[in-house]
Amino acid sequence: MKIPVETPSHQYEVVIGNRNLTEAVATIDDKINKADKLIVLTDEHVWAAHKQTFTDVFPYDFTVHVMPAGEACKTFENYYAVQTFLLEQKATRKTMIFAFGGGAVGDLTGYVAATFMRGVPFVQIPTTILAHDSAVGGKTAINHPLGKNMIGAFYQPEAVLYDIRFLETLPKREVRSGMAETVKHALISNKQWLEQLLQHTVYDFKQQELEQQLENGIRVKADIVKRDEEEHSVRKFLNFGHTYGHAIEAASGFGKVAHGEAVMIGIVYALLLGENHSKLTHEFTKEVFAFALRSAYPFEAVHEFSFDELLTYMMKDKKVEYGELQFVLLNEVGEPFVQKISAEEARQTDARLRALLQ
Ligand code: NAD
Ligand code: ZN
């Protein structure tokens, strides 16, 4: 299956399938043939699990560089180490870089590609469910000790080659984390799809069904970035669940609660908040909450922080404008909108979330 992503700056395809990497790579062989060298950036977990398969099915010669896993690859130190590696390898503006890994590898690789010699082509080969979101749309970034994803660029890949065989080794926590973004995509776009999702837990989707879920999510994302590549308008809707979610993720020091796990908590928070501003009911919030509990999202993390701590993090969010909190809410499933929210209303909603968790 191929999904076109057409942004004003670049057009490319997401190719998704099972055991399809060789064919997927062939869809960009004209671009690969123009490259003087292929460099694969990956992380230690992904390479330990998939070195053999990747080497067997990737149909070109390549040089690999293995980085620390998770957020550790999005540091200045690792960014520097990778640029050094590229220079040592005598990479040029014609060198093509492949990100083989999850969202962290993708974000780092994209930013390296955006900046090495003012920009070299790169390709995403995602290995997490979460990366159905992060690999599409061209947001690339590394972290600063004072803030996550603070240093980055919009830089689109040449292609996203998604072979879901690599997802078979994902730990449950990463399945949960990635599926939260799928639930988000359903909530902001399509009631029928959401209802179907809510009947399951996040672990129920295998092969064909999982591929279908990811394809649905990618279509939502592709449609939004086509309309608003650099987040001036509708791209903000993709932040549904992220304001409170980011605060939980940041307060827990990035890593203890995975990105998507925190987003699911933020989704329930945003639904509670939305009850005052939309047609959605408390019954609906409880339905989504029950699904999230069945899927073992770590809501207990909320108890580790006071609202004031979370508010400090929410106020640091890149999306805060003129010192005001902004939340994406849903008028209905599939009808997101942006709403300014007072700190007092945010506090009351936090109290309602804590009451729900009792
Ligand atoms: P990740 O890349 O850190 O992967 C999570 C963990 O799973 C890591 O330990 C990794 O080594 C391991 N892993 C990856 N693939 C595996 C596999 N197939 N089998 C076994 N283990 C595997 O994280 P992620 O959840 O994919 O992405 C989160 C990152 O993405 C964050 O840094 C976040 O800021 C970023 N993000 C970016 C965007 C964007 O638009 N650019 C959107 C959402 C999130
Ligand atoms: Zn996210």
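A polar contact is a pair of N or O atoms within 3.5 Å; within protein, one must be able to donate a hydrogen and the other to accept it, and residues adjacent in sequence count only if both atoms are side-chain atoms. This is a predicted model: local features need pLDDT of at least 70, side-chain atom pairs count only at pLDDT 80 or more, and totals for chains, interfaces and linings use all residues. Residues are numbered from 1 along each chain as its sequence is written, chains are lettered from A and ligands numbered from 1 in the order in which they are written, and side-chain values use heavy atoms, without hydrogens and water.

**View 1. S252 in the loop between α10 and α11.** The loop holding S252 runs between α10 (242–251) and α11 (259–274). Helices (H or I, at least four residues) and strands (E, at least two) are DSSP runs, numbered from the N terminus. The side chain of S252 lies 3.1 Å from the backbone oxygen of E249. Leaving out residues up to four places away in sequence, S252 touches V257 and F305; contact means heavy atoms within 4.5 Å. S252 has a relative accessible area of 13% and is buried (under 20%; exposed is over 50%, partly exposed in between; 1.4 Å probe, protein chains only).

**View 2. Ligand 1 and its shell.** Around ligand 1 stand 25 residues, each with a heavy atom within 4 Å of it. E71, G103, K148, F166 and T169 come nearest. An N or O atom in the side chain of D43 is 2.8 Å from an oxygen atom of ligand 1. A nitrogen atom of ligand 1 is 2.8 Å from a polar side-chain atom of T127. A polar backbone atom of K139 lies 2.9 Å from a nitrogen atom of the ligand. On its own, ligand 1 has 850 Å² of accessible area, and the protein covers 90% of this (Shrake-Rupley method, 1.4 Å probe). α3 (44–57), α5 (103–115) and β8 (147–154) each supply at least two shell residues.

**View 3. Helix α7 against helix α8.** The axes of α7 (residues 172–187) and α8 (residues 191–198) come within 8 Å and cross at roughly 145°. Axes are lines fitted to C-alpha atoms over the stretch in contact, with angles from 0 to 180 degrees between N-to-C directions. α7 contributes M179, T182, V183, H185, A186 and L187; α8 contributes W193, L194 and L197.

**View 4. A72 in the loop between β4 and α4.** A72 sits between β4 (63–67) and α4 (76–88). A72 is partly exposed, at 37% relative accessibility. Its C-alpha atom is 20 Å from that of G245, 173 residues apart along the chain.
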